[in-house]
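Morning, everyone. Let me put the model on the screen, and then we'll walk through it.

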Amino acid sequence: TAEKRGNVDPMKLYQYGARDAGYTRELMHIQRATLKKERELERLFFQLVMPAARAMEDIELVGKTMNVKGLDDLGLDLRGREITLENELNKLAGREVNWNSPPQVGQVLYEDLGIKCTVFTPKGKKSTGEDAIIDLKGKHPVVDKLIEYREVSKFRSTYVVGFKELMVGDLLYISYKIHGTVTGRYSSRIHSIPRDGSVRNLVIAPPGWHFVQADISQAELRIIAQISGDLEMRKCFLEGIDIHWRTLMFAIAAGYIQGDYADRAIETVKKLTGRDVRIGEACEILLDEGHEAAIKVWDGWKEGRKKAKAINFGYVYGMYEKKFIQTAKTKYGWEPTWDEAHACREGYFQLYLDLEPWHNKQKKLVKLNGFVRDMFGRRRRLPGIESSEKGLRMEAERQAINSPVQGTIGDWKAAVLVEVHETSDPNKLKIVGEHHDALLMIVRDGCDDDVLPQVLKIIRKPSLLKTFKIHLDIPMDGEIEIGPWGAGKKYVPPALSKSAAAA
């Protein structure tokens, strides 16, 4: 017989647990009956969602091998930087301050220094949150130093202290939520990991294996080209033109981006071809030459292409100028003027003429149905479209454009994950996780050519497409890197290696 523990009668706990399981089972019958009425959702649930959940159960148990010494060294370095920045902040403030205390930070910024607050909390108080501080960037040395301090502090607490709590030996165990986002994409604590490599490069593989990352290449823009039917986008992907480079060349030729890009374009062409040409012809030549050739002449083309990525990923979803400026500033380190943002927006829809009609179609669909679907039949309900508040209606319209794209990519990757997991030899390849549009794997030494060509094949066309009756005429593609995460080298399949050598 069970003994009474504390103030709780064990029988009550047993009865509670039994009822919890019983009611859950009853709900299953109700929800299954509801699913049967929605054939698309029933197919999605049983053919993709549940197989992916079962695969993820196995994947989570594998764990990610970490470079423990590297993680310890990173922690020490970050803590040292934290202390240095705290001292510098106190010196600038003229006294000792707890820089993790919002009231004390607010006192320094808005009272002591007299900086004008531009962002307020829902209750009308002066905010010291991330958006508020980013908006004050450049207004005072304290603000810039505080941004740096917060970045370092958050980095250490999340990726050193936080990760160590999830480790057993040198293995990091991360749980994934397959329902973690409203669009159907997965979420986990590893999804926000920075691109700079300081943490990614510490994810390695156990002895006898090596780390491999397999990405769906330019997934968002490929799916948008398919769904929208935009002719210029289709041309880029069907003819192998880099779409970010295409956007940049158009913006420079039309004079939409400020700076000396026009002069640089003419100079780059002269160095590449020996010809003196006008700006329009220069941009056409550079489009043919490609960004890699141009970067070898002038390294600044990297930054230019980065600006084009900001333009593509902002305006492709119908973003407006104010939001675009904020996004470009925080995500891409570029702060365009309003006029520059407006010119880029106008020009973007001149280049990609079919995007606005697609946006309008999606807005009409959500107003009519109250939801939108992705290619796999996943629904995103958007009740905000019926709101009397203009802001909520506009957000619902934006999500009506964004969600079918994000949902399709998430489900596509899930289909790839399931097939790779179910068809690969676990003695040669194991999936250890996923990250945005990529699968994270370990491959046994010497087995790359046995398993990786098949992974690329699955990325391009997972077999579940036939089940969901999905046909794409815009080709999907993949890229594989071998080596520490974020520091690997591109994998070229044997057949491509031979053809490249022959050429």
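Lys 469 is exposed, at 71% relative accessible area. The cut-offs: buried is under 20% relative accessible area, exposed is over 50%, and partly exposed is in between, with a 1.4 Å probe and protein chains only. Lys 469 sits in the loop between helix 19 (464–467) and strand 9 (478–482). Helices here are DSSP runs of H or I with at least four residues, strands are runs of E with at least two, and both are numbered from the N terminus. Phi of Lys 469 is positive, near 55°, and the residue is not a glycine. Most residues other than glycine have a negative phi.

A word on the source. This is a predicted model: local features need pLDDT of at least 70, side-chain atom pairs count only at pLDDT 80 or more, and totals for chains, interfaces and linings use all residues. Residues are numbered from 1 along each chain as its sequence is written, and side-chain values use heavy atoms, with hydrogens and water left out.

Where else do we find a positive phi? At His 436, which is not a glycine and has a phi of about 55°. His 436 lies in the loop between strand 7 and strand 8. That hairpin has two residues between its strands. His 436 is partly exposed, with a relative accessible area of 36%.

Now the strands themselves. Strand 7 covers residues 429–435, and six of its seven residues are buried, so the rest of the structure largely encloses it. Strand 7 pairs with strand 8 (residues 438–444) in the antiparallel sense, over six bridges. Pairing needs at least two bridges found by DSSP. Ile 431 stands opposite Met 441 in strand 8.

Next, the helices. Which residues of helix 11 are buried? They are Ala 282, Cys 283, Ile 285, Leu 286 and Leu 287, in a helix that spans residues 279–289. These buried residues pack against helix 9 (243–254), helix 10, helix 12 (291–297) and helix 13 (301–315). Gly 290 follows helix 11, with a positive phi near 90°.

Thr 268 belongs to helix 10 (residues 261–273). Is it buried or exposed? Thr 268 counts as buried, because its relative accessibility is 1%. Set aside residues up to four places away in sequence, and Thr 268 touches Leu 286, Ala 294, Val 297, Trp 298 and Trp 301. Contact means heavy atoms within 4.5 Å.

Compare a lysine in strand 10 (residues 489–490), Lys 489. Lys 489 counts as exposed, because its relative accessibility is 69%. Beyond its neighbours within four places in sequence, Lys 489 contacts Ile 480, Glu 481 and Ile 482. Lys 489 and Arg 345 are 144 residues apart in sequence, and their C-alpha atoms are 36 Å apart in space.

Last, the whole protein. There are 20 helices and 10 strands. The radius of gyration is 26 Å, close to the 23 Å from the globule rule for 503 residues, so the protein is as compact as a globular protein of that length. That radius is taken over C-alpha atoms, and the rule is 2.2 Å times the number of residues to the power 0.38. The C-alpha atoms fill a box of roughly 95 × 65 × 60 Å along the principal axes. Buried residues make up 46% of the 503. Of the contacts with a separation of 6 or more, 65% join residues 24 or more positions apart.
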